[in-house]
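Subject: Structure handover

Hello,

Here is the structure I promised to pass on. Please open it first, then read my notes below with the model beside you.

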Amino acid sequence: MLTVAAARAFLLGAAGAHAAAHHTHAVHEILPTLEANGRVLAVSQASQLDVPPMDNTQMDGYAVRAADCASGSARLKVSQRIPAGHVGSALLPGTVARIFTGAMIPPGADAVVMQEACEAEKAADGDYVTVRHAPADGEWIRRAGEDIRTGAEILVVGTRLRAQELGLAASVGLASLPVVRKLRVAVFFTGDELAMPGEPLKPGAIYNSNRFMLRGLLENLGCTLTDFGIVPDTLEATRDTLRRAAREHDLIITSGGVSVGEEDHIKPAVEAEGRLNMWQIAVKPGKPLAFGEVRRSIDPADGHAFFMGLPGNPVSSFVTFLLFVRPFMLRLQGVRDVLPKSFAMRADFAWPKADRRNEFLRARMNEQGGLDLFGNQSSGVLTSTVWGDGLIDNPAGQTIAPGDTVQFLPFSALLG
Ligand code: AMP
Ligand code: MG
């Protein structure tokens with residue numbers, strides 16, 4: 001049996017090689033920055049300007065020459081008013097400028113005193129202010145280039161663009177961004193027992209929960225998705241669907257039928273239409289995982305679609321998607337950081353029976369800063385994934401006693 005790490009290393013190697021071989025402009029597109037949320041940056045970006053672009057004030061108050069205010073109660077004439085977005089004129093010695101947050105510091109000023117430390121006064125010959133604070137040089141001034149210097153690399157190729165990356169790109173004026181083309185993913189579900197919600201449940205049937213779960217996972221990752229629905233448990237139907245799916249997709253994902261029973265047709269179908277590695281991975285849940293490729297046509301120049309066959313048990317399917325499919329899909333798009341960080345947390349439960357496999361236990365954070373375990377860890381019990389906040393990555397052969405430190409992978413880091 002393969003370890004989780006070995007299986008993942010193999011998958012990431014294959015995805016990385018494919019991404020490198022296809023790293024051409026043909027697989028990039030230029031998108032308005034406003035539409036690039038969730039996409040993967042295809043080319044590193046540098047800033048063409050300083051951010052902030054000019055020295056500006058962090059407070060509402062008065063722009064001053066610090067030397068004029070050294071006494072701690074200087075009465076000075078207000079010579080100008082500078083709202084944000086407006087440009088003042090040079091500050092004459094002995095005068096101050098009324099100034100508002102974000103406004104450019106006028107030449108000659110070297111500090112800002114916040115309005116709370118000042119007493120304004122209207123006199124016959126104009127406005128005056130008594131400054132009751134001796135500011136340090138540069139006080140309350142945000143310097144040009146304090147955040148970003150012209151020429152600095154702000155976003156690296158392979159970064160997934162989230163809200164904060166989009167904000168950063170916009171702050172340096174980038175109106176559009178080169179992003180990796182979305183992956184085209186085909187999915188189908190094997191199992192003659194499967195019915196769709198909305199249909200009556202005949203004897204022996206169950207609802208196709210994996211269809212909803214896997215589609216949700218795929219939508220969160222942001223791909224172009226084709227759903228071929230439920231495919232009958234026959235070799236011919238499975239082969240036919242694989243052929244149709246391979247033509248215009250980068251990756252085919254299936255649910256169920258990956259064991260080696262008489263009703264499991266995934267293995268022979270993929271072998272007939274391409275190549276397959278059937279892996280027994282030392283992981284629980286999710287032991288069988290199929291990985292391979294399906295030819296696009298009889299012409300080898302057309303290449304292939306990758307294939308990943310997930311087990312039918314819903315929790316196995318969910319966990320194998322998170323552990324293997326998600327990082328594979330991200331690496332195919334050139335993403336560097338594809339594995340989320342796990343957190344060391346305290347177990348508030350006992351898990352006295354060690355397993356020979358690396359287990360991924362559904363657990364929930366409690367208010368005491370520890371983890372509680374869901375009572376039924378069976379691979380068919382989807383309730384555990386709804387109750388839980390994430391997975392405990394428990395090494396093979398490891399028991400857990402209350403108070404032990406375990407490694408926790410929150411769903412929040414795995415589902416996006
Ligand atoms: P299989 O991997 O096809 O042997 O299926 C293993 C178990 O998962 C069986 O109990 C199936 O009924 C169940 N199963 C298979 N596909 C699905 C699905 N799409 N939704 C829910 N359960 C499924
Ligand atoms: Mg089946």
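Start with Val338. Its relative accessibility is 3%, and buried means under 20%, so Val338 counts as buried. Please keep in mind that this is a predicted model.

Where is Val338 found? It sits in the loop between H6 and strand E22 (343-347). Leave aside its neighbours within four places in sequence, and Val338 is in contact with Leu12, Arg326, Pro327, Leu330 and Arg331. Phe360 comes 22 residues away from Val338 in sequence. In space, the two C-alpha atoms are 18 Å apart.

Next, the domains. The domain assignment gives domain 1 (4-27 + 181-332), domain 2 (56-142) and domain 3 (343-413). The centres of domain 2 and domain 3, taken over C-alpha atoms, are separated by 59 Å.

Now the nonpolar cores. In soluble globular proteins, nonpolar side chains tend to be buried together. Here the largest nonpolar core has 48 residues. Ile253, Phe321, Phe324, Phe328 and Met329 have the most contacts inside it. Several elements each supply at least two residues of this core, including helix H1 (4-21), H3, H6 and helix H8 (411-414). Which element gives the most to this core? H6 does, with 12 residues. Domain 1 and domain 3 both give residues to this core, so it lies between them.

Not counting residues up to four places away in sequence, Phe321 touches Leu214, Leu217, Leu218 and Leu221, among others. Its partners also include Ile253, Leu310 and Met329.

That brings us to helix H3 (residues 209-221).

Which residues of H3 are buried? They are Asn210, Arg211, Met213, Leu214, Leu217, Leu218 and Leu221. What covers them includes strand E13 (184-190), strand E16 (224-231), strand E17 (251-255), strand E21 (304-310) and helix H6 (314-332). Just after H3, Gly222 takes a positive phi of about 75 degrees.

Best wishes

Methods
Residues numbered from 1 in each chain as written. Chains lettered and ligands numbered in written order. Predicted model: local features only at pLDDT ≥ 70, side-chain atom pairs only at ≥ 80, totals over all residues. Heavy atoms only, no water. Buried < 20%, exposed > 50% of the residue type's maximum accessible area, 1.4 Å probe, protein only. Helix = DSSP H or I, 4+ residues; strand = E, 2+ residues; numbered from the N terminus. Contact = heavy atoms within 4.5 Å. Core = buried A, V, L, I, M, F, W, Y, C linked by side-chain atoms within 4.5 Å. Domains from an automatic or database assignment.
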